[in-house]
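Good morning, colleagues. I would ask you to look at the chain on the screen while I take you through two of its regions.

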Amino acid sequence: MEQAVQIARIKKAYECIDNDQTTTTPGVKRVPVAAYTDLEWQNRELNTVFKHQPLFMGLSCVIAEPGDYVTLEHSIKPLLMVRGDDDIARAFINMCSHRGAPVAQGCGRAAGFTCPYHAWSYDRAGSLKSIPDQRNFPGIEPQEHGLIPLPLVERHGMIWVLPDPGGEIDLDTHLEGLQDEMQDYQLQNYVHYESRVLHRDINWKMPIDTFLESYHFATLHRDTVGPIFYSNLCLFEGHGLHHWMAAVRKSIETLRGKPEAEWDFVKHTAISYQLFPNTMFTMQADHVETWRVFPVKNRVDQCVIYFDCYVPEPVTTEKSKKYWDANIDLAIRTVDDEDIAIQTDMERNFLSGSMTEVLIGQNEPALAHFHQSLKLAMAEK
Ligand code: FES
Ligand SMILES: [Fe+2]
């Protein structure tokens with residue numbers, strides 16, 4: 001991030017601290033509770049938002065070497081991502097062209113993929129290489145029956161996939177000015193440290209919502225991250241459907257009086273990018289945490305959350321392992337044990353039919369922006 005940008009953001013943080021303010025949005029906003037309880041509403045999201053938006057699928061290091069692959073069952077379409085022998089990352093629907101079985105499970109490194117049902121086999125580029133007893137499939141040309149590709153773009157050390165085989169990704173247009181900031185982070189140098197998959201009984205938007213305001217830090221997180229950050233203080237900037245929102249660490253006070261050339265914004269904040277629609281991408285002081293949330297088909301009150309932690313260099317010592325484990329433990333204790341725990345109760349309250357809308361205060365601009373983006377994206381066909 002350019003130094004001038006870091007200085008401007010830190011000055012804004014000081015202005016907020018010194019005047020007991022935060023960035024604001026004009027007027028109280030209202031979101032219908034149906035957004036969290038109505039299956040028809042979720043189906044509209046699936047047919048608009050999730051059909052037309054490229055989804056962030058991880059940093060390049062999740063498939064670092066040729067043959068490295070990952071699968072995701074809950075990613076709108078069953079997904080297989082694999083790096084080819086030509087070093088190109090590709091995405092496919094994880095579905096055999098014979099009768100539809102998944103050809104890969106979990107993640108790992110593979111020379112190719114052999115379907116566990118009748119052993120049709122595919123190479124790392126998704127081409128069908130062999131059909132056992134092929135004489136009984138007259139007229140079936142293997143070159144026409146590869147895995148179905150999905151549009152994938154890998155840039156700035158990040159991988160994006162569009163879950164629509166007929167669509168295409170224009171990433172620069174999609175990122176709406178965030179690309180320079182993403183490029184500056186040099187994400188291609190990060191290594192994957194750990195992932196967790198959480199199945200939770202809340203609507204998919206709730207885990208995103210909870211990242212988008214720091215109004216709750218002093219109460220809900222009083223024993224976890226509350227003491228580290230200013231509560232009810234956030235910086236915010238919209239970028240089309242996306243935005244970033246930064247919570248400010250109390251350690252920012254140590255910069256006062258130091259030369260501005262030494263000011264480091266990332267170190268003294270937690271800057272969370274809402275990569276529309278379903279990713280929270282957080283630059284912590286010295287590592288990256290991402291939370292990708294997917295709806296569960298036909299269950300408006302359930303979601304699947306993929307948490308991934310990336311660190312700047314390979315973890316080779318017990319000391320660094322302990323350090324990163326403690327970071328992950330704090331992230332999970334805060335988000336899962338505190339945010340998601342109370343949101344599970346909220347989802348139950350919503351489903352009781354006792355409330356018709358929820359309120360977003362002027363001090364919650366990022367939350368207002370996310371719901372406005374959803375409204376806009378759902379209106380597009
Ligand atoms: S379903 Fe894959 S080989 Fe038959
Ligand atoms: Fe929280």
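Leaving aside its neighbours within four places in sequence, with which residues is V335 in contact? The partners are F211, W291 and I340, where contact means heavy atoms within 4.5 Å.

A word on conventions. This is a predicted model, in which local features need pLDDT of at least 70 and side-chain atom pairs count only at pLDDT 80 or more, whereas totals for chains, interfaces and linings use all residues. Residues are numbered from 1 along each chain as its sequence is written, chains are lettered from A and ligands numbered from 1 in the order in which they are written, and side-chain values use heavy atoms, without hydrogens or water.

To return to V335: this residue counts as buried because its relative accessibility is 7%, buried being under 20% relative accessible area with a 1.4 Å probe, protein chains only. From V335 to F211 the C-alpha distance is 8.8 Å, although 124 residues separate the two in sequence.

V335 belongs to helix 9; helices here are DSSP runs of H or I with at least four residues, and strands are runs of E with at least two, numbered from the N terminus. Helix 9 covers residues 318-351. A kink of about 35° is centred on I340, the bend being the angle between axes fitted to the seven residues ending there and the seven starting there. Just after the helix, G353 has a positive phi of about 75°.

Note on methods:
The expected span of a helix is 1.5 Å times one less than its number of residues. Buried means under 20% relative accessible area, exposed over 50%, partly exposed in between (1.4 Å probe, protein chains only).
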